[in-house]
Amino acid sequence: MSASQPSQSFSSPESPEPPESRESPESRRSTGTPTLLVKIFGKDRPGLTAGLFDTLAAYSVDVVDIEQVVTRGRIVLCVLITAPVTGGTEGDLRATVHSWADSQKLQAEIISGTGDNRPRGVGRSHVTVLGHPLTAESTAAIAATITSTGGNIDRIFRLAKYPVTAVEFAVSGTATEDLRTALATEAAGIGVDIAVVSAGLSRRAQRLVVMDVDSTLIQDEVIELFAAHAGCEDKVAEVTAQAMRGELDFEQSLHARVALLAGLDASVVDKVRAEVRLTPGARTLIRTLKRLGYQVGVVSGGFTQVTDDLKERLGLDFASANTLEVADGKFTGRVVGDIVDRAGKARLLRSFAEQAGVPLAQTVAIGDGANDLDMLNTAGLGVAFNAKPVVREAAHTAVNVPFLDTVLYLLGITREEVEAADGLVD
């Protein structure tokens with residue numbers, strides 16, 4: 001209601017108000033109700049949005065929908081309103097809006113129609129695209145694939161411009177699984193990473209993130225760092241590669257590799273900890289998640305001699321790995337305790353989720369190797385990070401850029417929110 005309108009008076013029960021005078025805003029926006037789409041575009045500056053609505057206020061219109069975007073200093077403002085009731089005719093409103101736009105050196109377009117936006121189709125998804133760079137050709141292919149599945153793109157916006165270009169498509173009208181399958185095939189051919197998740201509250205409710213360590217949280221394979229000090233790096237590296245490709249049973253390969261470390265002085269642990277290189281973006285990922293209230297853990301087929309140090313340094317909530325046995329200050333060539341293998345990682349994810357009070361559907365798992373597959377498929381969202389082909393094919397989504405913090409964009413967290421989290425005090 002504009003300031004120029006008289007205030008509404010309320011009748012007593014003895015003199016009820018006629019039904020036609022109590023028309024609700026919803027009824028005025030029904031399918032057959034006349035509406036106007038007002039579109040303003042031009043050079044952005046402060047006050048334009050307020051100025052447009054001040055202009056419209058004189059006509060006692062209801063605002064049905066608003067969408068505004070500013071790109072490189074150019075504004076596009078779309079407002080869906082009911083047709084004017086008082087203050088003048090539709091023609092008067094059109095003339096007034098165009099006059100205001102001219103005075104602001106803007107262009108205006110007004111389109112007549114009826115009702116609100118058409119309902120979105122059943123099935124809603126968020127499609128996150130990571131490009132390094134993101135090309136017009138790949139964007140065209142993505143849009144065409146969405147259309148081919150029966151989906152409609154309702155909205156597109158940018159999540160980040162660095163370290164990669166990340167954009168998100170809001171899609172309706174097609175099942176998430178069908179869309180994921182179609183886009184996974186397309187992504188492999190156009191060189192971008194695409195993640196498809198169901199829309200809804202569960203996406204923002206994913207409050208526990210669990211990562212593999214070797215070649216995920218860190219750039220190294222820890223056992224190879226130990227092996228370099230034992231002079232058997234080449235032998236260990238080959239067995240590791242076979243295990244990660246799924247060609248060898250993990251537990252057997254672990255025992256074979258650890259046996260090569262027999263007799264190595266345990267004091268080498270400090271040297272190995274110093275040699276560990278975090279993956280680019282790892283600190284940003286963990287810091288942002290923690291400041292936004294997430295719990296973060298790691299599970300590793302590596303060793304507690306390193307993961308315990310990472311837990312302390314990075315402020316992790318959970319950490320579990322194998323433990324190298326030490327006797328008389330030297331490694332024995334054996335591990336002690338339960339083996340953290342493929343099944344063990346999934347079991348630990350469940351345990352961490354239970355301790356954190358988080359349903360499995362609200363967990364995220366990140367890994368690169370075949371021994372991460374059970375964990376990735378157990379989590380609500382499994383992310384294959386620079387993974388082996390067998391892992392990329394089986395995970396919910398894949399990230400193939402070398403920045404671990406890009407996982408944040410899959411959770412709908414923008415670069416601006418990352419930077420805002422950096423400004424928070426621990």
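What percentage of the 426 residues in the chain do buried residues make up? In this predicted model, the share of buried residues comes to 45%. The chain's secondary structure consists of 17 helices and 15 strands. With a radius of gyration of 29 Å, well over the 22 Å that the globule rule gives for 426 residues, the chain is more spread out than a compact globule. Its C-alpha trace spans about 95 × 55 × 40 Å along the principal axes.

His-132 and Pro-133 are joined by a cis peptide bond, with omega about 5 degrees; Pro-133 lies in the loop between strand E5 (124–131) and helix H4 (136–148). A cis peptide bond also links Tyr-162 to Pro-163, where omega is about 0 degrees. Here the proline, Pro-163, belongs to the loop between strand E6 (152–160) and strand E7 (165–172).

Two serines deserve a look as well. Ser-60 is not a glycine, yet its phi is positive, at about 50 degrees. This serine, Ser-60, is located in the loop between H2 and strand E2 (63–71), and its relative accessible area of 13% makes it buried. Ser-215, likewise not a glycine, has a positive phi of about 65 degrees. The loop between strand E9 (208–211) and helix H7 (222–230) holds Ser-215, which is partly exposed at 24% relative accessibility.

Note on methods: Residues numbered from 1 in each chain as written. Predicted model: local features only at pLDDT ≥ 70, side-chain atom pairs only at ≥ 80, totals over all residues. Heavy atoms only, no water. Helix = DSSP H or I, 4+ residues; strand = E, 2+ residues; numbered from the N terminus. Rg over C-alpha atoms; globule rule 2.2 N^0.38 Å. Buried < 20%, exposed > 50% of the residue type's maximum accessible area, 1.4 Å probe, protein only.
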